[in-house]
Amino acid sequence: MSATNVFENGLLSLIFENANYANVGDGTGLRGSTTAGVFYISLHTANPNETGTQTTSEAAYGSYARVSVARSTAGWSVASGVADNDAAITFPAATSGSETETHFGIGSDTSGVGNLFLWGALTAGLAVSSGITPSFAAGALDVTLD
């Protein structure tokens, strides 16, 4: 089974932009949250897989922290079945440790286990050591539902 492009865009807009998706079920459709909130973006040293949490293989370099991105059109853009980050997502610079980040995650909590909603592989591994500041440029974090 496959979803249509219209359905993919509608769901991505609901999830990432907190936009209502009309005419699903009834005229009011699927409603965005009253308070949109944020997603927390994480880095991982291995694939967290479908059963993972936000802490599964999560980055552990010195000063690492998840980065929040608003669930709104200020945080994300949806077009052609892809949700993209609207601004750079910049993690704290490493103060110690050395590791290679291979995956990213999108989850619910600023720290701790939290729910991992989506995850994906980075195009290339990112070697992080003292002084390195991991980041995703605006538009570089692509999320699809295909």
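This is a predicted model: local features need pLDDT of at least 70, side-chain atom pairs count only at pLDDT 80 or more; totals for chains, interfaces and linings use all residues.
Four strands make up an open sheet, and read across it their order is β2-β1-β6-β7, with antiparallel pairing. At the edges of this sheet stand β2, which covers residues 67–70, and β7, which covers residues 116–129, and each of these two strands pairs on one side only. From one strand to the next, the twist averages 30°.

Strand β6, made of residues 98–107, is joined to β7 by nine bridges, and the two strands run antiparallel. Within this part of the sheet, Thr-100 stands opposite Ala-127, a residue of β7.

On the other edge of the sheet lies β2, which pairs with β1 in the antiparallel sense over four bridges. Here the bridge partner of Tyr-40 is Ser-68 in β2.

## The loop between α1 and β1

Helix α1 spans residues 5–17 and strand β1 spans residues 38–44, and Asp-26 lies in the loop between them. Asp-26 counts as partly exposed because its relative accessibility is 44%, a value that falls between the cut-offs of 20% for buried and 50% for exposed. Although Asp-26 and Phe-16 are 10 residues apart along the chain, their C-alpha atoms are separated by 22 Å.

Asn-23 is found in the loop between α1 and β1 as well. Its phi is near 65°, which is a positive value in a residue other than glycine. Asn-23 counts as exposed because its relative accessibility is 63%, and the cut-off for that class is over 50%.

## The loop between β1 and β2

Moving along to the loop between β1 and β2, we find Asn-49. This residue is not a glycine, yet its phi is positive, at about 60°. With a relative accessibility of 40%, Asn-49 counts as partly exposed.

Note on methods: Residues are numbered from 1 along each chain as its sequence is written. Side-chain values use heavy atoms; hydrogens and water are left out. Two strands pair if DSSP finds at least two bridges between them. Axes are lines fitted to C-alpha atoms, for helices over the stretch in contact, and angles run from 0 to 180 degrees between N-to-C directions. Buried means under 20% relative accessible area, exposed over 50%, partly exposed in between (1.4 Å probe, protein chains only).
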